[in-house]
Amino acid sequence: MAEILIVDDQDHYLDLCRRAISEHRYRGPARSWREAAEALGRARGAVDLVLLDVHFAIPAEELVGTVGDDGLEGLQRRQGLEILALLRARYPDLPVILMTSREDVVLEDVAAAGQEYTYFLDDDYVDARSLQAQIANILAAREGDISEGPIFWGRSLVMRQLRQRLKVLALGRLPVLLLGPTGTGKSLLARHHIHQRSGRRGQFVAVDLSTVPNELMSATLFGASRGAYTGATADRAGAFETADGGTLFLDEVGNLSADAQKMLLSVLQESVVVRLGEVRERSVDVKLVVATHEDLAERVAQGLFRADLYMRLNPAAAVRLPPLAERSIDLVQLLEFGVAQALRRPYLSGLVGDYCERNGLRRDALDVVVGEAAPARRQPTLTLLFPERSVRLLRAHTWPGNLREFAMVVENAALFAVSEMLALPSGERADVLAVRPKVVRDLLGPLPAEALRAAERSAERAEAPALDAGQLVVTLSPQDSLNKVAQETERQYFVHLYIEHRGDFAKMAIALLGDAEHARKVQLRFNQLGLKVRDMKELLG
Amino acid sequence: MLPADSAQREAIAAHARRLKHDLGKYIAFRTRWLAGDAPHEEREQALRADLLATRRGPSGVSDAQDVWRSSRAVFFGEAPLVRDVRVSLAELPELRRVDQAMSALSVVIEALRAGPCDAAVVSQGILGAREVSDGCHALEQRLRVTRA
């Protein structure tokens, strides 16, 4: 059952839809843009589809748009198109059925309003059956929309529920708290989904708090006047002021300094900021989105994060992004998505383009196929073939770096497949680039496989690493922040500890925190680091 | 028959578009949604609404004859199309089709105004309304100005 808003100056459609297409719930009719905007605001993202009439015989003061050569009546007769333009600006991906046929509308008007997610009736004289079918088709297509710009939603129930929840939270005034392991796409969601759907016209501003030194954190967020601290040579607006009217995304919010926590609490309570060194309050209207890979509640319990601030961050409505390993149902679609995204990168797209040109293939299309062989060539397009064994390796991988790691692996896989063909043409089909299992295996190392193999070797020798002697070997690949380096180091440290204590979390807790009582805490952290007991048990034999 | 002046042709096309919407769409709006096995009361109620309350606006409710009357005057040259310009399209078969269907419907409209109607009158009304609707569609197609 879908929630449908009817925007119509008359009761016709509402009456008929309720009677003849009773499987959905209807709101309205909203008789003007003002009423439609109010209804959508009240619905808080719950509306799935809008039925929008075109002709609104309503008083001039209720109309939106400008009266043209065709006078007031002209504006009334195309009022639906004016409303459509406003809907598109505020709700870019909300499906709208214009209750008229395409041929009855001056197409330039609709083009201006944006045609994506805009549908027309097949026939101006609509009947229940055809409208019912059209609504069903649109809703089904929407369900099947597994990606959105750079965001891959997939089909898993957890992601569908999460998407629905974010749709509602984006429109609200309360902060949105995003939880989940590193690399699960929290920042993408904040920028490309929450901000886009918040209806806010101000800027999107992102601050990664793991990269801001403690002593500069307050100034970065709330601004500072000249001379407020050593090095403050000029007045400076903070992130809150810059994001006024828009969205402020604070990544790794667990890193907030104690002072900044106190000030943030004040901003959330009063909606004003005071720059360091000033007493003047400045009003700010900011949609706050915060993210962390840490267990904030745990940090509160440890006294590292203010409980009152935590409660202000709307933890009851927190959105937890699942690790990639829990989304294996979508792996094949994710591969296609990942390849498409990778092909936007200049180097790879250039390489693939050159390859296509050299082999008489289309530059603008690339198919991703999973299987032992690519289908017979019907068109001059390039196919990136992932043999089953390669896919099995991808499925078996635990993806501690989640989507970020996946994107790198896919991009590299495509890159190496092209490079191999350029260096050593197989002499067979030039239109098929195979991502061989060996390439995938190499790409999935050195982490965590490398760490696990190192641990395995230690276990085989029955010699746990002499940690107290400082002999822990950590293998690191380049990371994009110090925080991630620290996390990776911590993860490998946990692997070694696990091996050393034969999977006994109580003993690990004694080693780490001096108290076996903290075993649960250690296990939680173990999980947060993307480690799986199942995999480790195999390692222990 | 059709004026050579492009502005006048545009005006006629716009008028036909309005007629198709205001009369052609709404004269059979509710009856078109009826299920095949809809009971008599439901059919009569839908027809009554379509013919006697065809359009609603700030100035009140208009029945099908009100809506047709103003357009008819323009198409038959009895009222100006734009300013002082009058054109008559009386010879257009699509226009005559609408006019005749509306005349035939007047009996049904009177019967509906007088009170409850029997199934035969309602069926005649539903068919007649569909004929007007289809005629308006054909007229609009005929008068449509192809844009470059």
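The model is predicted, so local features need pLDDT of at least 70 and side-chain atom pairs count only at pLDDT 80 or more, while totals for chains, interfaces and linings use all residues. Residues are numbered from 1 along each chain as its sequence is written, chains are lettered from A in the order in which they are written, and side-chain values use heavy atoms, with hydrogens and water left out.

Let me begin with chain B, where helix α3 (residues 64–75) packs with α4(B) at an angle of about 155°, their axes being 11 Å apart; axes here are lines fitted to C-alpha atoms over the stretch in contact, and angles run from 0 to 180 degrees between N-to-C directions. That angle makes α3(B) roughly antiparallel to α4(B), a term used for angles over 145 degrees. On the α3(B) side the contact (heavy atoms within 4.5 Å) includes Trp68(B) and Phe75(B), and on the α4(B) side it includes Met102(B) and Ile109(B).

Helix α4 (residues 93–114) of chain B also packs with helix α5 (residues 119–143) of chain B, again at about 155°, with axes 8 Å apart, and this makes α4(B) roughly antiparallel to α5(B).

Turning to chain A, the buried residues (under 20% relative accessible area) of helix α2 (residues 33–43) are Trp33(A), Ala36(A), Ala37(A), Ala39(A), Leu40(A) and Ala43(A). They cover an arc of only 165° around the axis, which puts them on the same side of α2(A), the arc being that of the directions from the helix axis to the C-beta atoms. These buried residues pack against β1 (3–7), β2 (25–30) and α4 (79–90) of chain A.

Terms used: Helix = DSSP H or I, 4+ residues; strand = E, 2+ residues; numbered from the N terminus. Parallel < 35°, antiparallel > 145°, perpendicular 65-115°, else oblique. Buried < 20%, exposed > 50% of the residue type's maximum accessible area, 1.4 Å probe, protein only.
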